[in-house]
Structure formats: C-alpha cells, structure tokens
Amino acid sequence: MSRCEIYGDCWFYKNTIDPQSQAFELLQKYCHGDYSACARYQFSQSLGNFYVPKGLLPNDVRRIKPVLRSLI
C-alpha cells in the first residue's frame, strides 16, 4: 500500500493511535490507502502543510469544503 505524501508533517499520522480505535481505521484507510481522499491531504495541497488545522481528521472533508471553495 502507498503511504501519504505528507505523513512526515501530519499531526494525525504522528499521534499514538490505539489499534482497537476508530482512528486506527482512519489511519489505515487514508494514511496507508487513499490519501487523496483525506481532508488533511486536500487542505495541505491547497494551502500548505503549515495551515492544516491540528484537530482536522482525515474524514472531515465536509469541514474543509467551504474553505477550499472560497479559494476558487
């Protein structure tokens, strides 16, 4: 499986995650899978890693859509 291009600077990826948690499923799905669908990755590609909100979860795409639309 591929690994996300921004994992080195990603707050979510660097967190200690319990393998029994839902967050671990997100890690597998986005960080080691389809990272192009990850909200953190999409935000990073639009504005840069520095501006990605720390608490943004990979599946929070609805939360970032208004921000990304405002850039267009």
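## Helix α3 and its end

Just after α3, G48 adopts a positive phi of about 105 degrees. Helices here are DSSP runs of H or I, at least four residues long, numbered from the N terminus. The model is predicted: local features need pLDDT of at least 70, side-chain atom pairs count only at pLDDT 80 or more, and totals for chains, interfaces and linings use all residues. Residues are numbered from 1 along each chain as its sequence is written, and side-chain values use heavy atoms, with hydrogens and water left out.

Within α3, the buried residues are A39, R40, Y41, F43 and S44. Buried means under 20% relative accessible area, exposed over 50%, and partly exposed in between (1.4 Å probe, protein chains only). The buried residues of α3 pack against α1 (11–14) and α4.

## R40: buried charge

R40 sits in helix α3, which spans residues 39–47. R40 is buried but forms no salt bridge. The nearest side chain of opposite charge is D60, 7.8 Å away. Lys and Arg count as positive, Asp and Glu as negative; His and the chain ends are not counted. A salt bridge needs a side-chain nitrogen of Lys or Arg within 4 Å of a carboxyl oxygen of Asp or Glu.

Leaving out residues up to four places away in sequence, R40 touches I6, C10, W11, F12, V52, P53, K54, L56, L57 and P58. Contact means heavy atoms within 4.5 Å.

## The salt bridge

The structure holds 1 salt bridge. R63 and D60 form it through their side chains, at 3.4 Å, N to O. R63 counts as partly exposed because its relative accessibility is 48%.

## Nonpolar cores

The largest nonpolar core has 12 residues: C4, I6, C10, F12, I17, L26, L27, Y30, C31, Y35, C38 and Y41. Helix α2 (residues 22–31) gives the most to this core, with 4 residues. A second, separate core has 6 residues, including F43, V52, L56 and L68. Such a core is a set of buried Ala, Val, Leu, Ile, Met, Phe, Trp, Tyr and Cys residues joined through side-chain atoms within 4.5 Å.

## Surface patch

L47, F50, Y51, V67 and L71 make a nonpolar surface patch of about 530 Å². Patch residues have over 30% relative accessible area and no salt bridge; like charges are joined within 9 Å, nonpolar side chains (Val, Leu, Ile, Met, Phe, Trp, Tyr) within 5 Å. Accessible areas come from the Shrake-Rupley method with a 1.4 Å probe; for residues, only the protein chains shown count as cover.

V67 lies in helix α4 (residues 61–70). V67 counts as partly exposed, at 32% relative accessibility.

Technical notes. Helix = DSSP H or I, 4+ residues; strand = E, 2+ residues; numbered from the N terminus.
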